[in-house]
Amino acid sequence: MGAWMWIAWHDARPRFKIAVCARLVTLLGLPGTDMSTYAETARAGSAFGEGFVSAAEWTGMRGINRVPSYVIMQPTTLCNLDCSYCYLPHRAADRRMPVAVAEAVAATVNEWAASANRFSVVWHGGEPLATGRTHLAALMAPFRGVEHHIQTNATLVDDAWCEFFREHDVRVGVSIDGTRRLTTQRVLRGGGEAYDRIVRGIETLRRNNLSYAALCVVSDPEPGLAAELYGFFLDLGITVLGVNVEEQEGVNRRSNAHDGAAVRAFWSELTAAWRNDPRVEVREVEWALRYAGALLAGSADELLPRRHDPIPTIAQDGLVVLLSPELAGFTSERYGDFSSGSVLDRPLHEIVASSAAQPQGWIAEYLSGVEACRQSCPYFGFCGGAHAANRFFEQGRFDGTQTQHCRNSKIFLLEGVLDHARAA
Ligand code: SF4
């Protein structure tokens with residue numbers, strides 16, 4: 001199913017594709033795009049022409065930056081929940097990051113932050129709040145001039161944590177999958193639904209006037225689901241919603257293969273629900289709209305970063321994994337522990353710079369996979385080659401191209417948003 005839709009878009013006539021995007025622009029009022037731009041693009045007839053799929057057309061995502069825009073810190077491996085789709089291998093073990101690791105990371109990050117407009121440190125576990133306030137404060141203490149972000153399951157949030165967030169100026173993201181019916185896979189370690197505790201944590205955030213974003217996992221994207229989902233998040237009072245279709249990753253070996261038409265219908269209906277009441281920014285829909293608008297404006301190639309952000313993830317023991325946080329904590333016979341070094345042995349800026357200058361092992365293999373995508377995939381300009389971990393966990397290596405993840409969350413996303421434009 002996925003293949004024919006992929007080919008259908010690839011082979012569709014350029015003017016048809018431009019017309020679909022133009023309809024989207026008219027309907028949704030894309031920022032920064034007007035109909036005169038569309039007319040110009042249509043006259044040139046090149047936005048979706050043959051050049052659209054040629055390697056030369058997409059100039060971004062070549063190589064790796066020497067400086068990231070954010071780092072991910074794993075303050076503990078422990079999570080107090082045991083969600084059925086979780087990918088983390090050591091979530092039952094309480095291994096906390098020593099302060100020496102945070103100090104070593106901060107020695108580099110503070111320099112990066114001093115010369116950047118914004119620099120984020122994202123605390124992502126395990127469950128970061130399971131680290132405890134005192135220890136997390138000690139881990140944050142060495143950082144200067146950064147934005148702290150926490151992704152939490154919210155079950156441990158109380159007034160004292162809210163005070164902590166305020167004091168440390170932490171931006172909060174909450175993981176919840178929607179209504180009680182949709183959140184049943186988030187379960188307590190001893191068994192039983194985590195929903196009531198998650199909602200209690202969210203109510204505590206609201207009572208303390210803290211804003212928060214939400215991240216939800218959709219295991220079975222299908223028609224009829226999106227309206228329930230979006231309505232729930234509207235009522236929750238969030239500002240930004242991220243929607244992840246469940247991935248086959250890490251210790252979660254469940255299949256993520258879905259009927260393509262159902263996934264497209266899900267994204268299409270989510271776009272419709274958002275259009276009906278666009279108070280919440282839906283990250284994925286926004287990406288697709290921005291891309292469609294840029295195609296019309298003739299600036300789509302500028303949307304891709306020139307190089308990959310290295311996204312250093314620092315595991316609790318100080319090992320640094322680049323590009324894909326989901327690989328941290330795993331080993332493979334072929335690729336070892338996926339790390340590029342330890343901050344306890346070598347400064348973080350050196351670890352990143354040497355991998356960027358001379359990619360080796362799985363990173364070099366991944367970059368060759370990205371080049372294969374550039375050569376073969378008409379969605380490359382939207383996707384940029386997707387994530388290393390999805391290739392590894394789905395295909396056992398890094399130099400393949402299309403994964404089920406990229407079908408669910410890139411190709412069918414873009415197609416679903418465009419389906420909405422066609423139908424509206
Ligand atoms: S990862 Fe998938 S959608 Fe992205 S460029 Fe590669 S094949 Fe295309």
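Modeller: Gladly! Please keep in mind that this is a predicted model.

Colleague: Thanks! To begin, how many disulfides does the structure hold?

Modeller: A disulfide is a covalent bond between the sulfur atoms of two cysteines. To count here, two sulfurs must lie within 2.5 Å. By that rule, the number of disulfides in the structure is zero.

Colleague: Which cysteine has the sulfur nearest to that of Cys79, and how far away is it?

Modeller: Cys79 is in no disulfide. The sulfur of Cys83 is too far from the one in Cys79 for a bond. So the nearest sulfur belongs to Cys83, at a distance of 6.2 Å.

Colleague: Is Cys83 buried or exposed?

Modeller: Buried means under 20% relative accessible area. Cys79 passes that test with 12%. Cys83 has 6% relative accessibility, so Cys83 is also under the cut-off and counts as buried.

Colleague: Which residue in S6 is the bridge partner of Val218?

Modeller: Strand S5 covers residues 212-218 and is joined to S6 by five bridges, the two running parallel. Val218 belongs to S5, and its bridge partner in S6 is Val245.

Colleague: Where is Asn256 found, and is this residue buried or exposed?

Modeller: Asn256 sits in the loop between strand S6 (240-245) and helix H9 (260-276). Beyond its close sequence neighbours, Asn256 is in contact with several residues, among them Glu246, Glu394 and His405. Its relative accessibility is 4%, so Asn256 counts as buried.

Colleague: Glu246 came up there. Which residue forms a salt bridge with Glu246?

Modeller: Glu246 is buried, with a relative accessible area of 7%. The closest N and O atoms of the pair are 2.7 Å apart, and the partner is Arg254.

Colleague: Last one! Which residues are linked in a network of salt bridges?

Modeller: The structure holds 22 salt bridges. One of them joins the side chains of Asp94 and Arg96, at 3.2 Å from N to O. As for the network, its linked residues are Arg118, Glu147, Asp169 and Arg171.

Definitions and conventions. Residues numbered from 1 in each chain as written. Predicted model: local features only at pLDDT ≥ 70, side-chain atom pairs only at ≥ 80, totals over all residues. Heavy atoms only, no water. Buried < 20%, exposed > 50% of the residue type's maximum accessible area, 1.4 Å probe, protein only. Helix = DSSP H or I, 4+ residues; strand = E, 2+ residues; numbered from the N terminus. Contact = heavy atoms within 4.5 Å. Pairing = 2+ DSSP bridges. Salt bridge = Lys/Arg side-chain N within 4 Å of Asp/Glu carboxyl O. Lists of a residue's contacts leave out its neighbours within four places in sequence.
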